[in-house]
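Please have the sequence and the model open as you read.

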Amino acid sequence: MDWGTELWDQFEVIERHTQWGLDLLDKYVKFVKERTEVEQSYAKQLRSLVKKYLPKRSTKDDPESKFSQQQSFMQVLQELNDFAGQRELVAENLTVQVCLELAKYSQDIKQERKMHFQEGRRAQQQLENGLKQLENSKRKFERDCREAEKAAQTAERLDQDINATKADVEKAKQQAHVRSHMAEESKNEYAAQLQRFNRDQAHFYFTEMPQIFDKLQDMDERRTARLGASYGLLSETELQVMPIIGKCLEGMKVAAAAVDPKNDSQVLIGLHKSGFTRPGDVEFEDFSQPMTRAPSDSSLGVPPDGRPDPRGPVRNRPKRWPFGKKNKPSTPPTPVPLGGPPPSAYANGPPSPRFGRDPLALLSEISKSVKPRIASFRSLRSRGTVATEDFSHLPPEQRRKKLKQQLEDRGRELQKEIDQREALKKMKDVYEKTPQMGDPASLEPRISETLGNIERLKLEIQKYETWLAEAENRVLGNRSDSLGRHGHPPEPPTGAPPDTNNCSSDKREAPPSDEGTDTSIYTEFEEDFEEEPAFPIGHCVAVYQFEGSSEGTISMDEGEDLCLMEEDKGDGWTRVRRKQGGEGYVPTSYLRVTLS
């Protein structure tokens, strides 16, 4: 059924309907445009959310990235970021395929509709003009007929009037004849005009307007089909990205399944295992019995001849040095790998600092070297440490892992330099055989540079291997000690204590001083600066034998249990107390400390 046949008299209805269809097309374009804005905003918010929760530092420097739960979370964020990219793709496809193309199509349809309705209005105007001409000719024919009839009646009346002259009668008859002729011409003109109008009207209603209506119908149907196809683009665009979105969601499921609690527990152990042994049992200290102190030349406040202090009896708690500081030896022995020289090589012990004879100068020197004492040995863990090249500031297990990682990195760099050197040598051989390709001498600096890098890396690898062997021995020693505490005897070290020749070479003996003066100075200030607790702050075991021959030091035997009185302040010495009595400094590297 066609509009031209069924709606031949509904010109205004067709005009309103086609205008409504164009408005609906524009409304849909606007809807899709706002839909794309929603998709873009959604994708932007998703990307912002992903960026907010991504780690700020690189994965290589982030220890948390080794946990499966963190890796899965990063994978979820990555999948969500890909999901946001698919939402952006949906917005882009809708913008190009719907908004732009449909808006352009709408403009073309509007121009076509305008042309068809202009043609229809022009045909209507022509038909109306023909109708007006028909009406005019009809009215003229009617008027001429009345005039002719009137003229005929006038001529007939004069012809019957006896008083009328013959001339008047002839004139009236002639006038009636003219009017009759004019009425005949008007009749013919009216008939011709009527015939023309009927022909034009039939052409208008049966040919011209049906063609225009059919064109408008075809235009509207094409517009409707295009709009329906555009409706389908919404779902088709979604379906195009659904496989990738499905992969993103599947990736999130895989990430969720990849969370491994056991593995994360092992990773945590690997990241933070210190390698220290567990603390042993706390020794019972019987304070009900008077504590005996072994007299030594390094004990201040006690005369060297062992006579009692004239000020009164010796107190049970050990003597403290002024400002919480004892006279520490200048440099502790430096440990070396097991299997070094025997202990007899260290008979002289570490060197001791030189004291001045002036008591005031001595006190000034002591007060300048005062270090604040921390309340507990546990605070040593939270105190900032200075990073060293051999990672000795780290716990044994972490130090071993760091050194192993450094060895692997140096090994890769070494292999890279070796490969580069081999490539340069081959290139040099090619240049020597084919001089036109290049100058062999130009490669010598680069070959020398790679050779220097190789030597440097080999030295670094050797250095790190030495440190790694030391760290592994330390870890093994801690493990054996831990086993010994739980029912297995400890394995003694296979070598002697480290060599201290580097320290004894610069050893300076303290000049003789007045014992009475030094003793009185220390005892005078002892009461004012005695702020340290008399209780031990930890427990330690002697790993090596040490002869405390220097001033301020104390002797200890291998495997001897000692009470920790003061932690290492960073100079390599630790103050301990023997169970038999006596207190002094020993090298920190000779001890295995148990934190309390």
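## Reading the exposure values

Buried means under 20% relative accessible area, exposed means over 50%, and partly exposed lies in between. R35, at 22% relative accessibility, is therefore partly exposed. Please keep in mind that this is a predicted model.

## Salt bridges

The structure holds 22 salt bridges. One of them joins the side chains of R35 and E39, with 3.2 Å from N to O. These two residues sit four apart in helix α2, which means that about one helical turn separates them. E39 is buried, with a relative accessible area of 7%. Both residues also belong to a network of salt bridges that links R35, E39, R87 and E238.

Other pairs reach further along the chain. E101 forms a salt bridge with R226, and their closest N and O atoms are 3.9 Å apart. This pair links helix α3, where E101 lies, to R226 in helix α4, 125 residues away. E101 is partly exposed at 40%, and R226 is partly exposed at 30%.

R410 and E460 meet in a salt bridge of 2.6 Å, N to O. Here R410 in helix α8 is paired with E460 in helix α9, 50 residues apart. R410 counts as buried at 15% relative accessibility, and E460 counts as buried at 17%.

## A positive patch

K66, K273, K401 and K402 gather in a surface patch of positive charge. K66 is found in the loop between α2 and α3, and is partly exposed at 48%.

## Cysteines

How many disulfides does a search of the whole structure find? The search finds zero. C145 is partly exposed, at 27%, whereas C248 is buried, at 3%.

Key: Residues numbered from 1 in each chain as written. Predicted model: local features only at pLDDT ≥ 70, side-chain atom pairs only at ≥ 80, totals over all residues. Heavy atoms only, no water. Disulfide = S-S within 2.5 Å. Buried < 20%, exposed > 50% of the residue type's maximum accessible area, 1.4 Å probe, protein only. Patch = residues over 30% accessible without salt bridge, like charges linked within 9 Å, V, L, I, M, F, W, Y side chains within 5 Å. Areas by Shrake-Rupley, 256 points an atom, 1.4 Å probe, with all protein chains shown as cover. Salt bridge = Lys/Arg side-chain N within 4 Å of Asp/Glu carboxyl O. Lys, Arg positive; Asp, Glu negative; His and termini not counted. Charge placed at Lys NZ, Arg CZ, Asp CG, Glu CD.
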